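Here are my notes on this one, as numbered points. Have a look at the model first, then read on.

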Amino acid sequence: MRGIAERPGRAEGGLKGERVRVWLGAGGLAAATAFAYWNGLHSAFIFDDADSTLNNPSIHRLSWRILDPPHGGITASGRPLFNASLALNWAWTGADTWSYHAVNLAGHILAGLLLFGLVRRTLLRIRFPAPDALGLGWAIALLWLLHPLQTESVTYIVQRTEMMMGLFYLAVLYALVRLAEAEEGGGRRAAPWALAGVVACLAGMLSKEVMVSAPVVALLYDRAFLGGSFAAAWQRRKYFFLALAATWIPLGCEVWANRDRGGTSGLDVGVTALGYWMTQGPAICHYLRLAVWPHPLVLDYAFQRQWIEHPLAALPADLAVVALAVGAIWLLVRRPRWGVLAFAFFAILAPTSLVPGNRQTLAEHRMYLALAPLIAAALIGAWRLLPRRRAAMICLLAGAVGALFLVRVRARNADYDDPEHLWLDNLRYTPRNQFALCNLGAVYYREGRLAEAERVFRHAAQVAPAYGAAESNLGLVLIAEHKFTDAMVHLRRALALAPDSFEATNNMGVALASLHRWDEAISWYRRAIAMLPDYHDALLNLALAQAAEAENHFQAGVALSNQGRWREAIAEYEQALRWQSTLAGAYANIGNAWLALHDSARAVAALQRAVALAPGSAACHYNLALALKAAGRRPEALHEDEIAARLAPNLPEAANNLAVALDESGRREDAIRVLKAFLARHPDSALVRQNLARLQGARRDGP
């Protein structure tokens, strides 16, 4: 690693040809990465995604609040720029996930292109031949972009925070090398590159705390590849480095405001610092193994408590990592260019390795950027060992390995697209992981597989007796199974374990609503909404409870209270629609409420919106027909009744409604034909038989 390959005397045609090759290489990297991740663009929200998106009120409206994410330990806490990026996605597609995945993929590709440019320009500065610098830069970027370890940071939506940190970290180093080139060329474009580097550093600090080491690594990079010594680097670019260091101030403010990240990270979260540090030797060794052989990949390792309970078992790995760290420091002193790569690996992992946490001792997304210096060291080392045609051989090797990586990435994306398989696979490697168990149970619950969901949640509660979410979810399943008494027992236990759990509070309301104890249910829903003002499930449940209570009052003849409850229900549905504007059921219920309040115009408008959002819903068309009749728009009502009967051919109410509409339109024979056709399929329908007899009697009596 020695001087500059791009000499002033190079022919203009050669420079143009090299630019073409650079752009072709960049295009190939982008295309390969896009193809690798394309099948993951429609994966649903999983795991922690909901906390930072669905249940994060700060992103549901574009205002200054997007830069003030909730505290409490969700992924977005203390990371305002990451939170703002989620807010833009929410404004774009709401709860539809494809835009979130698209942004993650675009950011990953851009980070890979920055790595490509950074490596190429760095190698040119130390007199690598231009084709070799281009080939090595391309190969390093390709393997980094397609390495299966990166899937967690790209396909798992909220790990965008890791991707953003990596993107801005690389941008700082790329801006630094371009700043040096501009200064050497007369300084004409130096200021924009200096500003770009500082802005990128600030953006990274506001995306994730791991960015903290970027100013230090930038100074070491300058000393090794640009200035030649600390004194020279400082003399030439001290104001730039001071500006980079100043970005520690906003980072410090965010860290102070979110000191223990909801009780999960810090020096006072129930885990001793020494005990946690003992776990990091095995964790880093595990990362190094996955860098070489990325299997198995595990989304959530939970808390590997046995590493703390038996520290001697971790001692060999801890000693090995300490030796590697000492070696990195030695390289910084004696072989600074290699030392920067080694130091960067440890510097990127340092925040999560040194700050104790009681939730995870390792996570694959932590290797997102730390993988880059490993791949760079491996390929540059291989280049030095090969005798001739070194760049071509490295590119061929990288292409072959990259193809294997691409297949593995697409297979991993398919795992994310099948949550049941994802969590079953996770449990194969962490069988007592209560988080994986609860997520698997949630999949079964959503699919209506209640017996399996109950079994999984009971197992989670046994594995982690202090984990309130398992008890809360178990209570919800028992409600669906109509085991209300047992459900209340588990929900009370969940609230005793986690009294601030908005989910358990909402579930208690569901249990009470299932017993038709509407006033109590409404009270619990209001408590849940007080904890999380934009809590979608509680808002809808509250509206449903108020509508049900209004219906009860209506049947009892309590007119004034009935009207008030209907209006309260409408207000809650509208609040839910501010959270997500595509809820057809909410519009349908608003329409029904306005119909009960005898406001047919508003009822028609709401139900037309419901039909537009859910054109295949027979219930929406059926209710719209009722509203149109109330508004005196009988021809349109007949059309909606025909659609409802076609969509729900086995529903007696739909057949009856259509028959009545036809009769009122003077088409009594058609009405009788509809009812006879229904009875031919369902001869036991008393309702339809009674209506048929009425119409036939009316036919005999005349108009």
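1. By salt bridge I mean a side-chain nitrogen of Lys or Arg within 4 Å of a carboxyl oxygen of Asp or Glu. R428 and D425 are three residues apart in helix 18, so about one helical turn separates them. R428 is exposed, because its relative accessible area is 54%, whereas D425 is buried, with 10%. The cut-offs are under 20% relative accessible area for buried, over 50% for exposed, and partly exposed in between (1.4 Å probe, protein chains only).

2. A word on conventions. This is a predicted model, in which local features need pLDDT of at least 70 and side-chain atom pairs count only at pLDDT 80 or more, while totals for chains, interfaces and linings use all residues. Residues are numbered from 1 along each chain as its sequence is written, and side-chain values use heavy atoms, with hydrogens and water left out.

3. Now the overall picture. The protein has 33 helices and zero strands; these are DSSP runs numbered from the N terminus (H or I, at least four residues, for helices; E, at least two, for strands). Its C-alpha trace spans about 105 × 60 × 40 Å along the principal axes. Of its 703 residues, 54% count as buried. The accessible surface comes to about 30,900 Å², and carbon and sulfur atoms own 62% of that (Shrake-Rupley method, 1.4 Å probe; for residues, only the protein chains shown count as cover). Among contacts with a separation of 6 or more, 67% come from residues 24 or more positions apart, where contact means heavy atoms within 4.5 Å.

4. Back to helix 18 and its neighbour. The axes of helix 17 (residues 390–416) and helix 18 (residues 419–429) come within 6 Å and cross at roughly 105°. That makes helix 17 roughly perpendicular to helix 18, a label that covers 65 to 115 degrees (under 35 is roughly parallel, over 145 roughly antiparallel, the rest oblique). Axes here are lines fitted to C-alpha atoms, for helices over the stretch in contact, with angles from 0 to 180 degrees between N-to-C directions. Helix 17 brings R412, D415 and Y416 to the contact, and helix 18 brings P419, H421, L422 and D425.

5. What about the other salt bridges? The whole structure has 28 of them. One joins R449 and E420 at 3.1 Å, N to O. This pair links distant parts of the chain, 29 residues apart: R449 is in the loop between helix 19 (434–446) and helix 20 (450–463), and E420 is in helix 18. R449 is partly exposed, at 24% relative accessibility.

6. Another one is worth a look: E162 and K208 meet at 2.3 Å, N to O. E162 sits in helix 7 (residues 160–184) and K208 in the loop between helix 8 (190–205) and helix 9 (214–227), 46 residues apart. E162 counts as buried at 1% relative accessibility, and K208 counts as buried at 6%.

7. Finally, S85. This residue lies in helix 3 (residues 80–93) and is buried, with a relative accessible area of 14%. S85 touches R160 and M164, leaving aside residues up to four places away in sequence.
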